[in-house]
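Work through the exercises below with the sequence and the model side by side, and try each task before reading its solution.

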Amino acid sequence: MTTLQNLKLTYLLPEVANSIIEKLKIDKRRDLLKQVEDLSIVCLCECGDESCGSFYTIDPSETKDDQIKHEGISTNLGLIEVYEDRIY
Ligand SMILES: [Zn+2]
């Protein structure tokens, strides 16, 4: 495991958090909006691509099941993914 556990997204990457908040406001996703301030970066993407800035806010093993309800919401800073109404 990395030492990135319990690092708040709003503290580490406020511009990313704000872009998510703005997008969710536009989309009127109040159910997701209240999750943003509690998002933590649990681990970084392990694809190895240096230009990849992806990270996870839920342990990736929890979202491996393809049957889980999944949606993608694009913001001006990238794509956020939502699994079973939890921001991923
Ligand atoms: Zn990656």
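**Exercise 1.** Which pattern does the chain follow when read along the sequence?

Solution. The model is a predicted one, in which local features need pLDDT of at least 70, side-chain atom pairs count only at pLDDT 80 or more, and totals for chains, interfaces and linings use all residues. Residues are numbered from 1 along each chain as its sequence is written. Helices (H or I, at least four residues) and strands (E, at least two) are taken as DSSP runs, numbered from the N terminus. Along the sequence the pattern reads β-α-α-α-β-β-β-β-β-β, and the chain has 3 helices and 7 strands.

**Exercise 2.** Is Lys 28 buried or exposed?

Solution. Begin with its place, which is the loop between helix H2 (14-26) and helix H3 (30-33). Next, apply the cut-offs: a residue is buried if 20 or more other C-beta atoms, placed from the backbone, lie within 10 Å of its own, exposed if 12 or fewer, and partly exposed in between. Lys 28 counts as exposed because it has 8 C-beta neighbours inside 10 Å. Its phi is near 55 degrees, a positive value in a residue other than glycine. For the chain, 8% of the 88 residues count as buried.
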